[in-house]
Amino acid sequence: MKKLIYSLFATASFMLASCTGDYTDWAAPQKYSQEEAAAKYGITFAAGPDANIVMPVEDDEIKLLQINAQNENIAGYTIKSISINGETINASTSGNYIVVSAKELNSLIEKLNNSRAAVKRDYILKTVVSINTKTGESVTFETEAQINGALTPKATPSIDPNGYFILGGFEENANEKGDGWQADKPIWMTNNGDGTYSAVVTTLAEGSNWYKFYEGSNYVAGDWDSINKGEMGCAVKDDNSTSGLIITKNDYTAVETPVIDGEPGNMYKITIDMNNLTYNVTRVPVNLYLVGGTNDWYASAVNKTVKFNQADPEKAVYTLTVPAAKGDTWFAIGDDKACDAIANDNNWNLLYATANGNGKNGESGKLVRRNKLPDGDDGSFMVAAGPDLIQITIDLNKATYEIKGIELSPLYYVVGGIQGWSDKNKTHIFTPHSKKVLSYTTKWTGAWDLKFWNAIDFGTWDNAYGCEVDGDNSPSGKIIGSGAQAISAPSAEYYTFTIDMENMQYTWTKLENQNPTEYESISLIGEFSGWSSDFDLKQVAPHNWHGVFTQENAGMLKYRANHAWATNWGYGNDGDWNVESALDHIGTNGGGNIYVPAGTYDVYLNDITNSMLFVNQ
């Protein structure tokens with residue numbers, strides 16, 4: 001028996017037997033201490049005869065703590081609180097013992113250790129007990145006791161040599177009508193070789209999908225009487241926990257049915273640990289693909305061309321941003337199962353669709369598989385002509401979708417090595433030759449050079465554009481808008497990087513002149529200073545200049561190099577370029593003055609391409 005550890009509670013209370021009887025107020029801290037009260041009544045504690053126990057036992061009443069008192073004035077004891085390793089347990093007094101249920105204690109120890117293995121488990125019992133007197137003193141004071149004990153749970157059944165299987169509300173256990181729990185279609189679990197067994201299941205119903213585990217030795221196809229001899233489940237009916245203890249036939253409590261709450265078509269991995277008699281349920285990561293859109297329907301399904309991004313593997317939320325078609329954009333959504341069905345059997349019924357009707361789905365709604373829709377309705381999604389991009393968000397746990405059309409800004413920014421991979425640095429902007437064809441020219445490193453953002457998504461890494469393979473240095477490639485990787489220049493030389501956002505393609509064009517003219521400075525000069533002093537820009541990448549400039553009053557200005565007029569940049573005739581009406585123009589040496597309205601601007605110049613940009617902040 002383990003050594004007794006005890007202490008006395010630091011507070012006390014009292015009650016009177018009558019209004020006129022004499023009593024001693026042992027609770028008054030000014031006069032007496034709890035130690036004095038305990039000494040007066042001779043109160044001591046000891047571990048009970050059952051403090052160390054091996055299950056099972058014949059008697060369910062376990063004597064964990066013994067209370068001893070030498071004073072005959074003790075009338076009895078009242079349990080104020082009791083816990084095992086900090087968890088409350090039901091208890092009562094029997095004479096001078098505190099007793100608990102063996103079954104409840106066993107269950108609590110298993111829960112605390114998340115194991116039902118027959119391994120000795122140490123525990124700490126703490127209790128606060130009120131001692132009641134029977135004399136005129138009528139004193140009640142509380143004492144706290146602590147003991148150390150140990151419990152060894154009941155031995156678990158040996159591992160079944162024929163393994164285990166699952167029956168329940170899953171597609172793999174359903175008949176052609178979609179009814180689960182088919183006794184002739186067991187879901188056999190894979191033996192992992194360490195006493196654990198696993199199976200992947202697909203939920204049938206919206207809401208509750210019940211299931212149980214079964215011993216393989218009792219399986220007889222279609223014979224429930226035989227199958228049920230080896231049934232296993234949980235302790236709490238309809239428990240939807242993702243982990244718990246397994247209850248077996250002839251256990252201390254009835255075998256109840258666990259449940260997975262979800263939507264039809266969700267996939268889960270169920271694992272049982274027969275060493276510890278525990279189970280665990282985890283959501284299986286799912287790949288989602290866009291079928292259709294601007295791509296061929298069949299090819300995009302079979303080749304799984306456009307994949308959704310899952311930012312957090314613990315959450316079943318998937319996002320994708322893709323170009324819109326020139327007219328209406330029609331598409332569906334497929335997982336591996338749906339796309340493989342198209343490739344193997346030309347079966348299109350497993351694609352995810354909208355429950356709101358063909359082309360009438362709106363911006364959000366319920367997601368279902370096509371085989372759940374009425375005949376004649378395939379539930380295809382449609383976004384009417386107009387937006388540049390389509391942003392799709394799928395929540396498989398809730399089986400919902402959100403679709404948003406996006407009209408792009410003509411502004412795109414480089415994020416990469418030349419600007420420190422910063423989500424706040426807007427010093428590197430693409431030159432917009434049109435709304436969807438843009439470029440940036442500089443000397444690149446040739447190693448993981450860049451991704452890029454549209455202005456509306458600047459700073460949102462999930463929406464950064466890039467390529468499929470991290471560090472791809474191909475001379476051209478496909479632009480990826482979700483889960484994108486960094487693009488590399490073909491070599492560490494001067495290139496123009498061009499993006500075509502209509503066709504989602506990029507190209508690298510190597511400059512013939514690899515030794516462009518160097519300038520000590522690039523600056524603005526104009527009416528803001530009476531044409532007498534310059535506002536200097538900063539070279540943020542080779543031959544790319546930037547500055548934040550405030551034009552206090554509307555007026556004319558120009559760019560110039562080295563604070564001299566030998567090389568200066570203007571456009572057309574004076575005032576031909578009003579920066580409010582166009583973002584980008586190609587400057588010419590000696591060109592006309594540029595009219596700039598009052599305001600604060602990000603100012604850009606590339607001295608190789610002579611591209612000039614003013615972006616109003």
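Val-615 lies in strand β48, which spans residues 611–616; strands here are DSSP runs of E with at least two residues, numbered from the N terminus. Val-615 counts as buried because its relative accessible area is 8%, where buried means under 20% relative accessible area, exposed over 50%, and partly exposed in between, with a 1.4 Å probe and protein chains only. Tyr-601 is 14 residues from Val-615 in sequence, and the two are 5.3 Å apart in space, C-alpha to C-alpha.

The model is predicted, so that local features need pLDDT of at least 70 and side-chain atom pairs count only at pLDDT 80 or more, whereas totals for chains, interfaces and linings use all residues. Residues are numbered from 1 along each chain as its sequence is written, and side-chain values use heavy atoms, with hydrogens and water left out.

**Close-up of Ser-380 and its side-chain contacts.** Ser-380 sits in the loop between β27 (364–369) and β28 (381–383), and Ser-380 counts as buried because its relative accessibility is 4%. The side chain of Ser-380 makes a polar contact of 3.0 Å with the side chain of Asp-378 (a pair of N or O atoms within 3.5 Å; within protein, one must be able to donate a hydrogen and the other to accept it, and residues adjacent in sequence count only if both atoms are side-chain atoms). A polar contact of 3.2 Å also joins the side chains of Ser-380 and Arg-370.

Asp-60 is located in the loop between β3 (52–54) and β4 (61–69). With a relative accessibility of 34%, Asp-60 counts as partly exposed.

Notes
Helices (H or I, at least four residues) and strands (E, at least two) are DSSP runs, numbered from the N terminus.
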